[in-house]
Amino acid sequence: MTPCPDCAALRDAPTSTSPHANLLLHSDVAINFSATATGRVEYYLCHRCGAQWERTRARSEPDATWRSSSKPLD
Ligand SMILES: [Zn+2]
């Protein structure tokens, strides 16, 4: 599967980068990194090329990047 140009541009982008127009939030889950550090993982699905992405939103993960996801989405 070839990612669309918008998805190709997202690879290794910082999570501060907004999802592109065809990338829609599918679900998100709370995560606990430690007793004091928490955040969320958001799962996205591209409605143009079908690529799945995840990004970690957490204060303790300032250097997180967009990552392709293989999590089965309902
Ligand atoms: Zn795409």
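What follows walks through the fold of this predicted model, from the chain as a whole to its sheet and its core. Local features are reported at pLDDT of at least 70 and side-chain atom pairs count only at pLDDT 80 or more, while totals for chains, interfaces and linings use all residues. Residue numbers start from 1 along each chain as its sequence is written.

The protein chain turns out to have one helix and four strands, laid out along the sequence as α-β-β-β-β. Both kinds of element are DSSP runs numbered from the N terminus: H or I with at least four residues for helices, E with at least two for strands. In overall dimensions, the C-alpha atoms fill a box of roughly 40 × 25 × 20 Å along the principal axes.

Strands count as paired here if DSSP finds at least two bridges between them. Nine bridges tie β1 to the antiparallel β2 (residues 38-46); among the pairs, Leu25 has Tyr44 as its bridge partner and Asp28 has Glu42. A hairpin of five residues links these two strands. On to β3 (residues 52-58), which runs antiparallel to β2 and is joined to it by seven bridges, with Tyr43 standing opposite Glu54.

Now for the interior. Buried residues (20 or more other C-beta atoms within 10 Å of their own, with C-beta atoms placed from the backbone) account for 12% of the 74 residues. The largest nonpolar core holds eight residues: Cys7, Leu10, Leu23, Tyr44, Cys46, Ala51, Trp53 and Trp66. Such a core is a set of buried Ala, Val, Leu, Ile, Met, Phe, Trp, Tyr and Cys residues joined through C-beta atoms within 7 Å. α1 (5-10) and β2 each supply at least two of the core residues. Setting aside neighbours within four places in sequence, Cys46 is in contact (C-beta atoms, placed from the backbone, within 7 Å) with Cys4, Cys7, Asn22, Leu23 and Ala51. Across the chain, 36% of the contacts with a separation of 6 or more involve residues 24 or more positions apart.

Note on methods: Contact = placed C-beta atoms within 7 Å.
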